[in-house]
Amino acid sequence: MEGISFYGTEFLKVMDSSIDNDDEYNWLRVITRDLKRTVHPVRHLLLINFLTGDIAEFFSAKVYKYNLFGKGPWPCLNKVAEHYRMGVVNNLKITDDYKTRLPVGTFSCNCGFVYSRKGPDKESSDRYRVGRIKKFGVVWENKLKVYLKENKYSLRELARLMNCDPKTILKFDFILGTNMFLNNSRYIKDKDSAAEPGKLSDYKNCILANIESNTAAARTEITKMCKKEYIFIYRKDKKWLYEKFPIKIKRINHHAFVDWNKRDNELLFIVKNKYEELMNSYEPKRITKSSIGRDVGILTLLEKNIDKLPNTEKYLKEIIETVEEFQIRRCKKIIRNKIDKSEPIRIWEIQRIAGIRSEAFEKMKLLILEYTDMETGGDYKRLFI
Ligand SMILES: [Zn+2]
């Protein structure tokens with residue numbers, strides 16, 4: 001018996017805890033086999049000390065383990081679940097972080113949402129802290145699907161509503177098959193990103209999302225925002241970066257030779273991108289030289305040197321809208337939305353939503369009626385008041 005040699009028979013005798021191997025009910029057998037007999041606390045201490053080598057450590061470790069993340073049930077931190085922040089999570093697994101050896105708690109809720117955080121918790125507010133979301137789960141996915149299909153939120157709004165990254169929204173838009181953003185040509189420039197939503201296209205989407213939500217930001221600012229993504233794409237697809245990034249136009253040095261042909265093509269690219277962005281924005285904006293040029297910082301160039309930029313000039317002439325053209329486009333969009341929502345189409349309502357004065361509206365009324373007729377296959381007559 002190791003226990004005997006660990007303490008020595010003399011010591012055990014002094015502690016009144018000798019172990020008789022022939023006795024089926026010696027205290028060591030009783031204590032380890034959970035028989036319904038009480039054992040003197042001193043004997044428990046002897047065993048603990050023998051097994052762990054340190055009684056103080058044994059007790060502190062036990063207490064410590066129970067208080068790492070407070071008492072359960074723990075709150076579900078799925079923002080779109082009805083039980084958000086309520087104590088409904090009973091499943092907590094504690095592991096050690098392989099680097100820091102700190103305890104990591106993984107909380108799994110019945111709604112499918114799984115989050116983890118490094119512990120131990122120090123303040124009561126830590127209870128509501130998400131370290132990492134491991135799984136979003138079916139409740140979250142269904143809610144996102146509903147929002148995506150409503151087609152009225154920007155990428156940034158969705159990320160805020162769903163409490164996640166914009167790139168997560170893009171990823172799930174693809175996975176769930178809603179493709180609200182994938183169908184948008186700005187998010188799918190090459191076949192690769194459509195066929196395989198891998199790291200590269202995730203990163204590209206992230207950069208695009210940041211360019212979109214920071215239209216005034218220069219190249220360096222975007223780079224700072226998405227450093228990891230930028231470096232990765234720089235290695236894999238440098239050309240894409242040069243194409244997509246807001247190009248900072250240098251001040252024209254009048255003494256230096258300017259390659260207007262090259263500049264013309266650069267500007268054409270920028271203008272095309274900006275046009276696409278404006279056409280895809282939720283709130284319609286009239287396409288003018290200044291709405292195209294101001295945000296990207298090329299308005300002066302377009303106004304003062306347009307005669308040296310034939311390709312850009314030609315393209316601008318095609319896309320720039322008169323007030324009337326813009327109003328018609330707005331009306332069409334409103335009608336399109338109403339058809340999508342199966343709402344009745346009332347001509348006075350279209351005029352009011354678009355904010356068009358009666359005199360101007362009379363001129364385009366026929367065109368709008370024709371459009372409605374075409375889009376609904378004549379069905380509008382039933383809806384029309
Ligand atoms: Zn939940």
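1. The model is predicted, and local features need pLDDT of at least 70, side-chain atom pairs count only at pLDDT 80 or more, while totals for chains, interfaces and linings use all residues. Residues are numbered from 1 along each chain as its sequence is written, and side-chain values use heavy atoms, with hydrogens and water left out.

2. Glu362 forms a salt bridge with Lys365, with an N to O distance of 3.7 Å. Both residues belong to helix H20 (residues 358–376), where they stand three residues apart, so about one helical turn separates them (helices are DSSP runs of H or I with at least four residues, strands are runs of E with at least two, and both are numbered from the N terminus). Lys365 is partly exposed, as its relative accessible area is 28%.

3. Helix H18 (residues 323–340) holds both Arg336 and Asp340, four residues apart, or about one turn of the helix. These two residues form a salt bridge in which the closest N and O atoms are 3.3 Å apart. Arg336 is partly exposed at 30% relative accessibility, whereas Asp340 is exposed at 53%.

4. A further salt bridge joins Glu150 and Lys152, whose closest N and O atoms lie 3.5 Å apart. Both partners are partly exposed: Lys152 has a relative accessibility of 36%, and Glu150 has one of 33%. Over the whole structure, the search finds 14 salt bridges.

5. A patch of negative charge on the surface gathers Asp20, Asp22, Asp23 and Glu24. Patches are made of residues with over 30% relative accessible area and no salt bridge, with like charges joined within 9 Å and nonpolar side chains (Val, Leu, Ile, Met, Phe, Trp, Tyr) within 5 Å. Asp and Glu count as negative and Lys and Arg as positive, while His and the chain ends are not counted.

6. Asp23, a member of this patch, is found in the loop between helix H2 (9–14) and helix H3 (27–32). Asp23 counts as partly exposed because its relative accessibility is 31%.

Notes. Areas by Shrake-Rupley, 256 points an atom, 1.4 Å probe, with all protein chains shown as cover. Salt bridge = Lys/Arg side-chain N within 4 Å of Asp/Glu carboxyl O. Charge placed at Lys NZ, Arg CZ, Asp CG, Glu CD. Buried < 20%, exposed > 50% of the residue type's maximum accessible area, 1.4 Å probe, protein only.
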